[in-house]
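Me: I would like to go through the side-chain contacts of one model, one question at a time. Please give the cut-offs as the terms come up.

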Amino acid sequence: MTKESPMNVDHEARLLAKVPDGLFIGGRWRPATDGTRFDVHDPATGKGVKEVADATVADGTAALDAACDAFPVWAAAPARVRAEILRRAFDLVQERAEELALLMTIEMGKPLAEARGEVAYGGEFLRWFSEEAVRVQGRYGPNPAGTGRMVVTHHPVGPCFLITPWNFPLAMVTRKVAPALAAGCTVVIKPAALTPLTTLAMVQILHEAGVPDGVVNVVTTTRTGVVSEAIIRDPRLRKLSFTGSTPVGQKLLAQAATGVLRTSMELGGNAPFVVFDDADLDRAVDGAIAAKFRNIGQACTAANRIIVHRSIVDEFTHRVTERVGAFRTGRGTEHGVTIGPLIDERAVVRTGELVDDAVGRGATVRAGGGAVDGPGAFFAATVLSDVQPGSAILREEIFGPVLAIVPFDDEDEAVRIANDTEYGLVSYVYTENLARGQRMVERLETGMMGLNVGVVSDASAPFGGWKLSGLGREGGTEGIHEYLQTKYTLTPDPFV
Ligand code: NAD
């Protein structure tokens, strides 16, 4: 790993200095009520890069107060006004794309090229929902008995609480904030304590774009459980949108039951990546590399189990191993780096345990296999072949750069292995046989599927999972309806 040049260090210091470090409540930046702060780290060096305010329960409640106060005016604002603010925010994200990308790389570790990709993807939610804001339509028509007229209208659900994870610090925020604002809702955002800086920079952009005071509020905190629970159990809250792990999502769903909140849950995944013997192997290898190693394997959509037909498994394994051998590991700001650090040391240990368990049960290490010497939380890009049934790596979400290959003999077996998980977020299938592809679309139990494609995320598509992967959809025409509630009104037949 090369050393950073002093020029880059200065550039990063200036960028970090510009990022606000307070809580954003009612249109103002302020410290935590008890004055506490916490450190944000660069996972590539382990060093602290900036301190931010550590919100208390009282701060969380103050943020909800602000969201509740702002709600009636924002809900009543013309959709065009809301749309144009979101569009301005989109333009500002484009202008500041380089800064946002670098900030994400510093606090989260992904290679700069991928961080730029996330800015493009995440920014797109602002544009998409600026366009959707003005297209919320209802229905009007006679009831079947002909005795009246039915009117169906849609209304913003109210103040929302948005909890986001560390792995996509920008896109997970815009994917929630943009539809919420487009629908006329106000929000309190709680970003992951590991990566709050990108959210703070994004909120500054929303403020500059003209979002009125109190419509967007942010609480950064390490007192996650208590601050969140107080907000979730507050009777004024109407919606909880969460992206994170399934166990935390389950806990929050129980809390949300108190207020019978609308909930959107984007939870964990365990994506199967199935390669048939009739697949275009070049495409399949490219797809597997993208689906597995994007974000250093730390994506809910990451291919967790690479399920390959036995007749081509040796060739496939050879080709992916060759590709992985050409990867470069290092700090994401360095030129040509493809594998950045994991988010922290705990993630390195956990990934190592999964690899060791698989090897102990008979898997073969083709590349990598363990942690890379620090400083920083690095794990070598790893390829495991012949991963045996019963290995933890096939059951659990890996969240690291480990590609685990399992052979299969026929289509039914591939389907059985692919569906043998409590998760159901996304699946990937490679085949040149159209009918087989269609059968797989119908047989795989996932909310999304890539057919001969390794990355499916798109602001204009409904993102979300089946089974323990979640509830609701983000993006697409569906996304705004997560923040709208329906009213049906009956009127008498106007001719009687
Ligand atoms: P996490 O569940 O640990 O944390 C997610 C968020 O929840 C963070 O903001 C965290 O501070 C907060 N949180 C943790 N405990 C909480 C509690 N008791 N009460 C309230 N909030 C709490 O997940 P993570 O490690 O940040 O993110 C990785 C997980 O997110 C993976 O499982 C991944 O699959 C999932 N994810 C899913 C999607 C999707 O769209 N389905 C997208 C990205 C990530």
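This is a predicted model: local features need pLDDT of at least 70, side-chain atom pairs count only at pLDDT 80 or more; totals for chains, interfaces and linings use all residues.

Me: How many aromatic pairs does a search of the whole structure find?

Reply: Rings of Phe, Tyr and Trp (its six-membered ring) pair if their centres lie within 6.5 Å; planes under 30 degrees apart count as stacked, over 60 as edge-to-face and the rest as tilted. With the whole structure searched, the number of aromatic pairs is seven.

Me: Are the rings of F24 and W29 stacked, edge-to-face or tilted?

Reply: The ring centres of F24 and W29 are 4.6 Å apart. Their planes stand at 45°, so the pair is tilted.

Me: Is W29 buried, partly exposed or exposed?

Reply: Buried means under 20% relative accessible area, exposed over 50%, and partly exposed in between (1.4 Å probe, protein chains only). F24 has a relative accessible area of 4% and is buried. For W29 the relative accessible area is 31%, so W29 is partly exposed.

Me: How many residues apart in sequence are the parts that the pair of F273 and Y430 ties together?

Reply: F273 and Y430 form a stacked pair, 5.0 Å centre to centre with 25° between the planes. Strands (E, at least two residues) and helices (H or I, at least four) are DSSP runs, numbered from the N terminus. F273 lies in strand β12 (residues 271-275) and Y430 in strand β18 (residues 426-430), so the parts tied together are apart in sequence by 157 residues.

Me: Which residues do ring pairs link into a cluster?

Reply: Both F273 and Y430 are buried. Ring pairs link them into a cluster made up of F273, Y428 and Y430.

Me: The charged end of R175 sits over the ring of which residue?

Reply: A charge sits over a ring if NZ of Lys or CZ of Arg is within 6 Å of the ring centre and within 35 degrees of the ring normal. K239 lies over the face of Y483, at 4.7 Å from the ring centre. The charged end of R175 is 4.0 Å from the centre of the ring it sits over, that of F463.

Me: Which residues come nearest to the ligand?

Reply: A residue counts as near a molecule or strand if one of its heavy atoms lies within 4 Å of it. There are 28 residues around the ligand, and those that come nearest are T164, R175, S245, L267 and E397.

Me: How far does a polar side-chain atom of E397 lie from an oxygen atom of the ligand?

Reply: A backbone N or O atom of T164 lies 2.6 Å from a ligand oxygen atom. For R175, a polar side-chain atom lies 2.7 Å from an oxygen atom of the ligand. For E397, the distance from a polar side-chain atom to a ligand oxygen is 2.4 Å.

Me: What percentage of the area that the ligand exposes when taken alone does the protein bury?

Reply: Accessible areas come from the Shrake-Rupley method with a 1.4 Å probe; for residues, only the protein chains shown count as cover. Taken alone, the ligand exposes 840 Å², and the share buried by the protein is 87%.

Me: How many residues apart in sequence are the parts that the pair of D409 and R310 ties together?

Reply: D409 forms a salt bridge with R310, and the closest N and O atoms are 2.9 Å apart. D409 lies in the loop between β16 (402-408) and α14 (411-419), R310 in the loop between β13 (303-309) and α11 (313-325), so the separation in sequence of the parts tied together is 99 residues.

Methods. Residues are numbered from 1 along each chain as its sequence is written. Side-chain values use heavy atoms; hydrogens and water are left out. A polar contact is a pair of N or O atoms within 3.5 Å; within protein, one must be able to donate a hydrogen and the other to accept it, and residues adjacent in sequence count only if both atoms are side-chain atoms. A salt bridge is a side-chain nitrogen of Lys or Arg within 4 Å of a carboxyl oxygen of Asp or Glu.
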